[in-house]
Amino acid sequence: MALTYVSTLKQFLPLLERDPLSIGVCWSSNRLSALEQCHITRARLDNLLFMLLPISAGHKAVVDLLTAGSDDVQTDDTDPRELAARLAALAARRRDYVSSKFSFCGCSFDAVAGTVMSPSAFTRLTKYESSVLSLLIGHRGNLVAKRAILDGVYQGRDEPDIKIIDVFVCKLRKKLFDVTGGRDVVETVWGRGYRFVPTGFEPKFSHIRKGD
């Protein structure tokens, strides 16, 4: 799992905005500053938010932050192993939030079965292809960084080179071509990642259109 440290909210928000799957961990020295950070972040973004406070902040600060929209609040004397476990639980909650069945471009996708079908066509996805598609659909309309996709699919276990994500997306496009009636649903944002477009669009490359 990739970690990025920044020292200001001005740097913090664009990082979360670029990666909707990321979890924002925010430390503040006092309750009022933490509340302000939480309100500003929640007004702009839907990322999971984890707030850290000094132990002196007190119970009221924890309640106020949870009420303001923080997904979890802990004090900075919490055991690092517990913090790691809580972050892992938040990440799992985000994955489980996504339903297992979706509709797009006149197709029905069952993430558990790994099948995509339309009235006239059917295709079966591999486990990893299905995971990539589910993850992108769960954040439809938003850019998802390749690193975030890799983390979401492999969960930090036996991760291959990040270029494998490009391979999965290429195979997805070819498999979905006939089922969607020749439309692409995965937009490439060069150098950054991918975005799921549920309405679909005309493929930009001839090898996709021909299904080679």
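The following paragraphs describe the fold of a predicted model, from the whole chain down to single elements.

The protein chain holds 8 helices and 10 strands. Its C-alpha atoms fill a box of roughly 65 × 30 × 30 Å along the principal axes. Of its 212 residues, 43% count as buried. Among contacts with a separation of 6 or more, 52% link residues 24 or more positions apart. The chain is divided into two parts: domain 1 spans residues 9-97, and domain 2 spans residues 101-201. Their centres, taken over C-alpha atoms, are separated by 29 Å.

Strand 1 and strand 2 (residues 48-53) run parallel and are joined by 5 bridges. Within this pair, Val25 has Phe50 of strand 2 as its bridge partner.

Antiparallel pairing is found around strand 10 (residues 193-201). Strand 8 (residues 143-145) runs antiparallel to strand 10, with 3 bridges between them. Here Leu143 stands opposite Arg195 of strand 10. Strand 9 (residues 184-189) is also antiparallel to strand 10 and is joined to it by 5 bridges. Strand 9 and strand 10 form a hairpin with 3 residues between the strands. In this hairpin, Gly191 takes a positive phi near 80°.

Helix 7 comprises 16 residues, 164-179. At 1.5 Å a residue, helix 7 should span 22 Å; its end C-alpha atoms lie 23 Å apart, in agreement with that expectation. Several residues of helix 7 are buried, including Ile165, Phe168, Val169 and Leu172. Arg173 is also buried, as are Leu176, Phe177 and Val179. Gly181 follows helix 7 and has a positive phi, near 75°.

Two helices pack against helix 7. Packed helices are described by the angle and the distance between their axes. For helix 6 (residues 146-154) and helix 7, the angle is about 85° and the axes are 9 Å apart. Helix 6 is therefore roughly perpendicular to helix 7. On the helix 6 side, the contact is made by Lys146, Ile149, Leu150 and Tyr154. Helix 7 contributes Ile164, Ile165, Asp166 and Phe168.

Helix 5 (residues 127-138) crosses helix 7 at roughly 90°, and their axes come within 10 Å. Helix 5 is thus also roughly perpendicular to helix 7. Tyr128, Glu129, Val132 and Leu133 of helix 5 make this contact. Their counterparts on helix 7 are Phe168, Val169, Lys171, Leu172 and Lys175. Phe168 of helix 7 takes part in the contact with helix 6 and in that with helix 5. Phe168 is also among the buried residues of helix 7.

Conventions
Residues numbered from 1 in each chain as written. Predicted model: local features only at pLDDT ≥ 70, side-chain atom pairs only at ≥ 80, totals over all residues. Heavy atoms only, no water. Domains from an automatic or database assignment. Helix = DSSP H or I, 4+ residues; strand = E, 2+ residues; numbered from the N terminus. Expected span 1.5 Å × (residues − 1). Buried < 20%, exposed > 50% of the residue type's maximum accessible area, 1.4 Å probe, protein only. Pairing = 2+ DSSP bridges. Axes fitted to C-alpha atoms, helices over the stretch in contact; angles between N-to-C directions. Parallel < 35°, antiparallel > 145°, perpendicular 65-115°, else oblique. Contact = heavy atoms within 4.5 Å.
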